[in-house]
Amino acid sequence: MHKRRFIIEPGGTLNGTLRVPGDKSISHRAVMLGSIAEGRTEVSGFLEGDDAMATLAAMRALGVSIEGPQAGRLSIDGVGRYGLRPAPLALDLGNSGTSMRLFSGLLAGQWFGSRLVGDASLMRRPMRRVTDPLGRMGATIHTGPDGTAPLSIEPSTALRGIDYVMPVASAQVKSALLIAGLYAEGRTRVTEPAVSRDHTERMLRAFGADVVVDGPHVSVSGDAPMRGGSVVVPGDISSAAFFLVGASIASGGSVTLTNVGLNPTRTGVIDILRRMGARIHVEAEETDAGEPVGTVSVEPAALRGIDIPPELVPLAIDEFPAVFIAAACATGETRLRGAEELRVKESDRIAVMADGLAALGIQAEPQPDGIRIVGGPIRGGRVAAHGDHRIAMAFAMAGLAADGPITIDGCAEVDTSFPGFVELAHGAGLAICSEEQAG
Ligand SMILES: O=C(O)C1=C[C@@H](OP(=O)(O)O)[C@@H](O)[C@H](O)C1
Ligand SMILES: C=C(OP(=O)(O)O)C(=O)O
């Protein structure tokens with residue numbers, strides 16, 4: 001893998017009307033569910049980032065014919081639930097936790113076996129959270145001794161529906177079980193300890209699957225036929241989040257983000273930033289079905305530290321690296337608890353952010369399930385993103401408030417979720433440059 005670093009000179013601002021790329025979570029689901037539905041699924045707004053492309057390549061390896069992507073458009077010839085074919089080789093899911101966990105559920109119900117691998121980061125992430133409940137449904141999946149990939153999924157004889165109370169609020173676990181439930185006898189019911197993103201439920205329903213949502217319980221059966229259709233992928237609020245924070249902490253300018261996905265299970269970052277005093281204006285558009293979308297405008301504001309309400313944690317789970325930068329620029333203390341999940345993302349996002357903030361002169365105390373950050377002046381310095389796309393982009397935005405240049409090592413993975421980040425941010429006024437490094 002090549003290496004890349006970002007260098008951000010101080011003094012930039014953010015300005016203009018911007019459009020971020022498509023939602024990563026919805027892009028994965030469009031490919032997976034479109035592939036196992038009957039008929040054609042036309043996708044627009046697909047995220048052409050490495051993670052969603054890994055899902056697409058895996059589906060092709062499983063025998064599905066997919067045209068595109070061309071300018072965000074895909075045309076998927078759904079093969080139906082039982083139309084997949086064995087992949088000739090292991091499926092390499094790169095850096096993408098969502099791909100590995102959702103494919104575990106999908107492949108657990110097939111008549112053939114599969115093997116799933118990924119990059120060094122993905123091979124360290126916990127997989128028993130899906131393989132254990134899938135085992136209770138009758139699947140046989142072998143993990144490494146630490147419960148990590150490679151995963152070897154044996155051919156399925158028969159899956160049965162279970163009633164599963166999830167120990168963690170995880171949309172990946174919920175989705176893996178619901179997708180496996182399409183192949184199980186009887187109903188599969190999942191109960192969430194807190195609300196997590198519901199894109200799978202929405203898309204399954206749009207495709208005609210038998211899904212019932214009742215408070216924290218979601219259940220599915222494989223009885224109803226699933227027909228593909230059109231999927232319009234909105235812009236990714238997780239990508240927009242960097243600009244929400246950047247424009248809030250900058251010394252001037254204002255940003256309008258169009259076509260941002262506003263699914264209420266994803267908008268926790270807007271709630272958190274507003275509680276901190278951010279000036280964010282949201283204009284939702286009328287949407288008939290599928291996923292809500294709208295325009296979000298933001299301008300600089302004097303932020304103050306807050307205690308982040310625990311119920312917002314799963315609704316902003318990927319946005320915490322950016323929120324921590326907002327906290328560093330706020331007056332007073334920000335405290336986050338109940339967010340131990342951040343330790344098992346592409347990197348340990350609590351430890352890596354705490355180290356980086358400290359390198360920029362900010363007092364940041366990591367805790368097992370969160371962090372305490374005391375706002376103050378941001379100095380220039382050198383930080384390590386550890387190959388975590390969201391850490392790299394969060395520290396890039398810190399450059400808008402820093403008094404000297406910030407160098408960020410380990411930025412190559414930004415393309416997993418946000419291809420074109422450097423160009424978009426630079427065009428809006430961030431003094432960022434990206435350098436390839438040898439080795
Ligand atoms: O279902 C999804 O698309 C995702 C769910 C979240 O993970 P968890 O389910 O592990 O919380 C999130 O962090 C990830 O980026 C995408
Ligand atoms: C955690 C993330 O993704 P994944 O779990 O799919 O690797 C993310 O994009 O921040």
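Biologist: In this predicted model, how many residues of the shell around ligand 2 are charged?
Modeller: Ligand 2 is surrounded by Asp51, Ser96, Gly97, Thr98, Asp318, Lys345, Glu346, Arg390 and Ser417, a residue being near if its C-beta atom, placed from the backbone, lies within 6 Å. Asp, Glu, Lys and Arg count as charged, Ala, Val, Leu, Ile, Met, Phe, Trp, Tyr, Cys and Pro as nonpolar, and the others, Gly among them, as polar. The shell around ligand 2 holds no nonpolar and 4 polar residues, while the charged ones number 5.

Biologist: What pLDDT does the chain average?
Modeller: Since this is a predicted model, local features need pLDDT of at least 70 and side-chain atom pairs count only at pLDDT 80 or more, whereas totals for chains, interfaces and linings use all residues. Residues are numbered from 1 along each chain as its sequence is written, with chains lettered from A and ligands numbered from 1 in the order in which they are written. The pLDDT is the predictor's confidence in each residue, from 0 to 100. With 99% of the residues scoring at least 70, the chain averages 97.

Biologist: Which helix gives the largest share of the shell around ligand 1?
Modeller: The shell around ligand 1 divides into 2 nonpolar, 5 polar and 3 charged residues, and Ser170, Ala171, Gln172 and Ser175 are among them. Helices (DSSP runs of H or I, at least four residues) and strands (E, at least two) are numbered from the N terminus. The largest share, 3 residues, comes from residues 171–181, helix α5.

Biologist: What angle does the direction of helix α3 make with that of β7?
Modeller: The open sheet concerned has the order β6-β7-β9-β8, and its edge strands are β6 (91–92) and β8 (141–142). Helix α3 (residues 97–107) packs on this sheet, touching β6, β7 (114–117), β8 and β9, contact meaning C-beta atoms, placed from the backbone, within 7 Å. Axes are lines fitted to C-alpha atoms, for helices over the stretch in contact, and angles run from 0 to 180 degrees between N-to-C directions. For α3 and β7, the angle is about 175°.

Terms used:
Two strands pair if DSSP finds at least two bridges between them. Two residues are in contact if their C-beta atoms, placed from the backbone, lie within 7 Å.
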